[in-house]
Amino acid sequence: MKTKITELFGIEHPIIQGGMHYVGFAEMAAAVSNAGGLGIITGLTQRTPEDLAKEIARCRDMTDKPFGVNLTFLPMVNTPDYPGYIKAIIEGGVKAVETAGNNPAKWLPVLKEHGIKVIHKCTSVRHSLKAESIGCDAVSVDGFECGGHPGEDDVPNFILLPRAAEELKIPFVASGGVANGKQLVAALAMGADGVNMGTRFIATKEAPVHENVKQAILNATELDTRLVMRPLRNTERVLNNAAVERLLAKEKALGANIKFEDIIEEVAGVYPKIMTEGTMEAGAWSCGMVVGLIHDIPTCKDLIDGIMAEAHAIITGRLAQFAAS
Ligand SMILES: Cc1cc2nc3c(=O)[nH]c(=O)nc-3n(C[C@H](O)[C@H](O)[C@H](O)COP(=O)(O)O)c2cc1C
């Protein structure tokens with residue numbers, strides 16, 4: 001299937017794997033790219049720019065297809081060495097960058113100068129238009145149902161995607177809640193040129209995470225995520241567990257007076273414990289409502305082939321019948 005997104009990134013299928021902390025290692029990105037999608041290495045999971053350079057080289061050893069790197073700009077206690085990470089991306093010959101969080105305007109000239117295509121993740125039409133105006137090549141429109149940071153507007157994709165289509169000139173992908181071919185077709189119908197998936201890719205054979213994480217995803221339903229850190233205006237959708245319940249109890253008790261330090265135990269340094277060690281109650285970790293649609297652990301190739309086959313069948317079968325009747 002050819003869309004503006006497959007053309008932009010030189011990929012076979014309009015499916016992107018969003019950057020995911022402690023999931024987006026070379027193994028994950030290469031598996032998605034080898035299956036014809038766009039795999040993404042999570043830049044900041046690598047502790048230094050040198051580590052990122054090694055991860056990019058490892059990924060290149062595993063695939064000759066295009067892959068990208070995610071750069072997340074969020075408020076942090078110690079600002080990461082962004083110029084160093086960008087140098088590693090450029091020198092590693094990576095041609096796609098997924099930015100997220102704060103406005104990436106500062107970094108666009110150097111990325112563009114090196115022929116790197118930038119897709120910025122946005123949770124609102126207003127931020128998407130900003131991304132377009134500063135010269136991003138595409139937007140990943142992230143609805144309220146998404147795993148990770150859905151922003152503070154709470155607009156789900158059934159509204160957000162057609163709204164984005166009303167206003168944007170650059171191509172966009174539907175992000176948040178996607179797991180199957182029905183949703184790819186719906187996203188295309190609403191004006192998107194592809195999809196971005198996070199949570200769905202964690203429950204794959206190649207995802208380099210502990211088996212407990214994959215089982216937790218299989219066991220969960222669409223009712224099992226929670227929004228945390230809303231009072232701090234840093235809302236994150238996570239899978240419910242004992243640590244999340246503790247965190248939410250603190251939010252309730254402290255109200256508007258809550259500070260990041262009050263919940264540090266539930267959110268700081270959690271990812272290696274969950275993703276690598278499989279200690280599932282260690283803290284809050286990002287997870288989308290789409291867990292309710294995840295019932296198996298396929299290879300990335302089987303997953304992507306299945307989504308594309310289902311999408312083709314719907315377009316040429318069910319939808320074509322409606323058009324003809
Ligand atoms: C475990 C996990 C970690 C994530 N980490 C990041 C991250 O570091 N940077 C980022 O931009 N997005 C991150 N995301 C968001 C994903 O890239 C993607 O936008 C989101 O998962 C889409 O929603 P879905 O999970 O419903 O598919 C993360 C998501 C998950 C599930």
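**Entry 1. Terms and model**

I began with burial: a residue is buried if 20 or more other C-beta atoms lie within 10 Å of its own, exposed if 12 or fewer, and partly exposed in between, with C-beta atoms placed from the backbone. I noted that this is a predicted model, in which local features need pLDDT of at least 70, side-chain atom pairs count only at pLDDT 80 or more, and totals for chains, interfaces and linings use all residues. Residues are numbered from 1 along each chain as its sequence is written.

**Entry 2. Residues with positive phi**

I looked up Arg 233 first. Arg 233 is exposed because 8 other C-beta atoms lie within 10 Å. Its place is the loop between strand E9 (225-228) and strand E10 (236-239); helices (H or I, at least four residues) and strands (E, at least two) are DSSP runs, numbered from the N terminus. Arg 233 is not a glycine, yet its phi is positive, about 55°. Most residues other than glycine have a negative phi.

I then turned to Asp 154, which also is not a glycine and has a positive phi of about 60°. Asp 154 sits in the loop between strand E6 (138-142) and helix H7 (157-167). Is Asp 154 buried or exposed? Asp 154 counts as exposed because it has 12 C-beta neighbours inside 10 Å.

**Entry 3. Strands E9 and E10**

I followed the chain on either side of Arg 233. E9 and E10 pair in the antiparallel sense over 4 bridges; two strands pair if DSSP finds at least two bridges between them. Arg 226 stands opposite Val 238 in E10. Both faces of E10 are covered. Glu 236 and Val 238 are buried on one side, and Arg 237 and Leu 239 are buried on the other.

**Entry 4. The open sheet**

I traced an open sheet of 8 strands, in the order E1-E8-E7-E6-E5-E4-E3-E2, with parallel pairing. Which strands form its edges? They are strand E1 (15-17) and strand E2 (39-42), each pairing on one side only. The twist averages 30° from one strand to the next; axes are lines fitted to C-alpha atoms, for helices over the stretch in contact, and angles run from 0 to 180 degrees between N-to-C directions.

I checked two of the pairings. E2 and strand E3 (residues 67-73) run parallel and are joined by 4 bridges; Gly 39 has Phe 67 as its bridge partner in E3. E6 and E7 are also parallel, over 4 bridges, and Val 139 has Phe 172 as its partner in E7. From strand E7 (residues 172-175), Phe 172 and Ala 174 point one way and Val 173 and Ser 175 the other, and all are buried.

I found helix H2 (residues 26-34) mostly covered, with 7 of its 9 residues buried. Among the buried residues are Met 28, Ala 29 and Val 32. The elements that cover them include E1, E2 and helix H14 (300-324). After H2 comes Gly 36, whose phi is positive, near 100°.

Leaving aside residues up to four places away in sequence, Ile 202 touches several residues, including Met 20, Val 23 and Ile 217; two residues are in contact if their C-beta atoms, placed from the backbone, lie within 7 Å.

I located Gly 194 in the loop between helix H8 (181-189) and E8. Gly 194 counts as buried because it has 29 C-beta neighbours inside 10 Å. Beyond four places in sequence, its contacts include Ile 15, Ile 16 and Val 173.

Asn 212 lies in helix H10 (residues 211-219). Asn 212 counts as partly exposed because it has 14 C-beta neighbours inside 10 Å. Apart from neighbours within four places in sequence, Asn 212 is in contact with Gly 278 and Met 280.

**Entry 5. The ligand**

I listed the shell last. How many residues surround the ligand? There are 28, and the closest are Gly 18, Ala 100, Gly 147, Gly 198 and Gly 288; a residue is near a molecule or strand if its C-beta atom, placed from the backbone, lies within 6 Å of it. E3, strand E8 (195-197) and helix H9 (199-202) each give two or more residues to this shell.
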